[in-house]
Amino acid sequence: MQEIDASIKENHKRIDKAYAELLEGYRGIPKDILKVTLEVESGSHHGLVRTMDVPFSSFCAHHFLPFVGTVDLTYRPGRYILGLGKIPRLIHCRSRRFQLQELLVRELAEDMVNHGDATYVRVVSRARHMCICYRGPNDATTVNETTYQIGEPE
Ligand SMILES: [Zn+2]
């Protein structure tokens, strides 16, 4: 019993560390993450770039419970082609916070336009919310999809 008590006494350190990691998105700066790596001749890239099935975990700002899922992000480069690794880093930065799924896709789209010079962007997210799985409707199967689009693909 004493061993268990001693272990529980350390809980606050474990919890601090876990939540610092779960909410580490606040330490990221989207503008810095999207710093340009490859400049292209203006208007020379006519195709779209799509990054799909990027996993994320976040915290519902309403219930302080996790929601987890994936993001698909499609954009058309303006002056810059962004390194592909920047997209998952941006998604991590915007999701590891208290967040709403509807707002997550909007913030990602706006970051891509404001800091990545995208001329079109569409973001789709699908997620399961623990606040729906384990309370309220108690439904562990519902998946919520949110989308946000800026500009037109053609
Ligand atoms: Zn919720």
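**Notebook: aromatic pairs and the zinc site**

I began with Phe56, which has a relative accessible area of 6% and is therefore buried. I keep in mind throughout that this is a predicted model.

I then searched the whole structure for aromatic pairs and found four. One of them joins Phe56 and Phe67 in an edge-to-face arrangement, with 5.8 Å centre to centre and 80° between the planes. Phe56 belongs to strand E2 (residues 49-60) and Phe67 to strand E3 (residues 66-76), so this pair ties together parts that are eleven residues apart in sequence. I also looked up the accessibility of Phe67, which comes to 0%, so that Phe67 counts as buried.

Next I turned to Phe64 and Phe98, whose rings form a stacked pair at 4.3 Å centre to centre, with 25° between the planes. This pair links distant parts of the chain, since Phe64 sits in the loop between E2 and E3 while Phe98 is in strand E5 (residues 98-99), 34 residues apart. I noted that Phe64 is exposed, with a relative accessible area of 53%, whereas Phe98 is partly exposed at 29%. Both rings belong to one aromatic cluster, which I list as Tyr19, Phe59, Phe64 and Phe98.

Last, I looked up the zinc ion, and I find it coordinated by Cys60 through SG, His63 through ND1 and Cys131 through SG, at 2.1 to 2.2 Å.

Definitions and conventions:
Residues numbered from 1 in each chain as written. Predicted model: local features only at pLDDT ≥ 70, side-chain atom pairs only at ≥ 80, totals over all residues. Heavy atoms only, no water. Donors = N, O, S within 2.8 Å, 3.2 Å for Na, K, Ca; no water. Phe/Tyr/Trp six-rings, centres within 6.5 Å; stacked < 30°, edge-to-face > 60°. Helix = DSSP H or I, 4+ residues; strand = E, 2+ residues; numbered from the N terminus. Buried < 20%, exposed > 50% of the residue type's maximum accessible area, 1.4 Å probe, protein only.
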